[in-house]
Amino acid sequence: MRKMFLRGAMAAVAVVMTMVASAQVTPYGWRGPARNGVYPETGLLKQWPASGPEKLWETLDAGKGYSSPVVVGDKIYLTGMNEDQSMETFSAYTLEGKKLYTVEYSKPWDQTYPETRTTPAIVDGKAYVISGSGEIVCISTADGKIVWKVNGGEVYSRKTGNWGTSECPLVFDNKVIFTPAGDKTTMVALDAQTGKEVWKTKAWGDVGAYVSPMLIEYKGKRQIIGSTAVHIFGVNPSTGEIEWDFTEWGSPRNSTGWASIAPNTPLFKDGKIFFGHGYDIYSYMLQLADDMKSVKLLWKNETLDTHHGGYVEIDGVIYGSNHHNNGQGTWIAVDWNTGKTLYDHNWENKGKGSIIAADGMLYCYNERTGAVALVKPLRDKFEIVSQFRVTKGDGPHWAHPVIVNGVMYIRHGSAFMAYKVK
């Protein structure tokens with residue numbers, strides 16, 4: 001009886017802990033539940049048919065954009081642009097690909113690459129998005145009605161680089177996080193129900209990056225990891241105090257107009273923070289102090305400098321593609337502990353791209369050719385098991401794939417497709 005009671009008590013605690021964790025950070029948003037590109041799927045195919053996995057449906061009405069879909073229950077949510085590209089849009093679809101509604105919510109970035117970038121965060125029946133023009137918007141997922149919006153670009157005098165704001169909102173503890181950078185503040189937290197300011201950090205006067213921040217937990221404490229063009233930093237999620245910052249990264253480009261070229265969300269594991277960006281910024285591993293008040297550099301790798309396709313970590317190896325130039329790169333594996341490059345592979349005439357992982361396999365999406373490859377996560381070679389090509393849509397293949405409930409979703413411009421991979 002005592003053993004049964006203890007098992008029951010432990011199970012109850014596990015359920016409560018799961019509920020607390022899910023209340024802290026939504027699993028429905030940018031690059032999966034942990035923002036690390038790894039999707040908690042099981043039973044997926046380890047090899048695809050010669051023609052590729054079965055296409056369940058496709059639609060060409062998504063509107064232009066580079067953002068990824070978010071699947072919650074029996075609905076799919078995706079941002080795009082209206083027909084004349086004057087407004088960003090938020091759409092809901094059924095799991096069969098039928099569009100339920102579309103709402104225009106904000107103006108896009110008005111210069112180079114204006115296509116929508118923000119992958120929504122979905123929490124308690126509300127969607128949160130950040131437009132290219134810097135507006136933070138809360139939308140009811142039930143009917144697409146706008147609940148509130150804040151022109152963060154104007155209110156906080158954001159400083160951007162050549163491509164405006166490109167941030168997927170982090171939502172937790174009834175807070176929505178936005179990183180305007182500039183002279184007024186670096187990062188702000190808004191009330192998720194009203195849009196009112198909860199806290200703001202100090203300002204460095206930096207130009208903003210394009211990095212979507214992440215929430216980490218270490219030694220029983222939590223912290224937001226964010227980035228500007230110059231600083232990687234950690235913020236107390238309750239007070240907005242910047243608890244550490246790191247600037248010993250990058251290249252001579254950081255002192256030029258190319259400073260704001262950082263787009264990739266870091267990886268975090270066991271007190272270590274990994275990040276890397278293209279244009280010879282390279283990649284870095286930081287060790288976070290136990291009190292979360294400082295970091296130290298563990299290693300630097302000059303092979304893996306990911307453009308904007310993200311990276312994943314599996315069994316102590318970091319996988320991603322690097323940046324030779326805006327059109328080319330190779331696929332790289334780096335040891336998590338040492339920073340040693342394990343392989344450097346040329347795939348389809350040096351086509352780089354985005355990467356995610358699920359059920360012990362890598363899914364690589366070539367931004368030049370639209371090839372999608374199922375790859376074994378090996379330490380010594382880039383071994384493709386199966387691949388096929390996305391032919392619908394237009395523009396570069398920049399949207400990161402998503403895998404939910406055995407279905408892989410891929411967006412290419414206005415084309416949106418679902419493939420059965422289980």
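**Reading strands, cores and a loop residue**

Analyst: In this predicted model, Val-372 stands opposite Phe-388 in β30.

User: With which strand does β30 pair, in what sense, and over how many bridges?

Analyst: The partner is β29, residues 371-377, and the two run antiparallel over seven bridges.

User: What sheet do these strands belong to, and what is its order?

Analyst: The sheet is open and has five strands, ordered β1-β27-β28-β29-β30, with mixed pairing. Its edge strands, which pair on one side only, are β1 (38-39) and β30 (382-389).

User: How should I read a nonpolar core, and how many residues has the largest one?

Analyst: The general idea is that nonpolar side chains in soluble globular proteins tend to be buried together. Here the largest nonpolar core has 34 residues, and Trp-244, Phe-246, Trp-249, Phe-274, Phe-275, Leu-288 and Ile-318 have the most contacts inside it. At least two residues each come from β15 (214-218), β18 (242-246), β20 (272-277), β21 (282-288), β22 (295-301) and β25 (331-335). The most come from β21, which gives five. Apart from this core lies another, of 31 residues, including Val-71, Leu-78, Ile-356 and Tyr-363.

User: Which residues does Trp-244 contact, neighbours within four places in sequence left aside?

Analyst: Among them are Ile-225, Ile-232, Phe-233, Ile-273, Leu-286, Leu-288 and Val-295, and also Gln-223, Lys-293 and Ser-294.

User: Where does Asp-124 lie, and is Asp-124 buried or exposed?

Analyst: Asp-124 is in the loop between β7 (121-123) and β8 (126-130). Exposed means over 50% relative accessible area; Asp-124 counts as exposed because its relative accessibility is 75%. Its C-alpha atom is 9.0 Å from that of Thr-26, 98 residues away along the chain.

Note on methods:
Residues are numbered from 1 along each chain as its sequence is written. This is a predicted model: local features need pLDDT of at least 70, side-chain atom pairs count only at pLDDT 80 or more; totals for chains, interfaces and linings use all residues. Side-chain values use heavy atoms; hydrogens and water are left out. A nonpolar core is a set of buried Ala, Val, Leu, Ile, Met, Phe, Trp, Tyr and Cys residues joined through side-chain atoms within 4.5 Å. Buried means under 20% relative accessible area, exposed over 50%, partly exposed in between (1.4 Å probe, protein chains only). Helices (H or I, at least four residues) and strands (E, at least two) are DSSP runs, numbered from the N terminus. Contact means heavy atoms within 4.5 Å. Two strands pair if DSSP finds at least two bridges between them.
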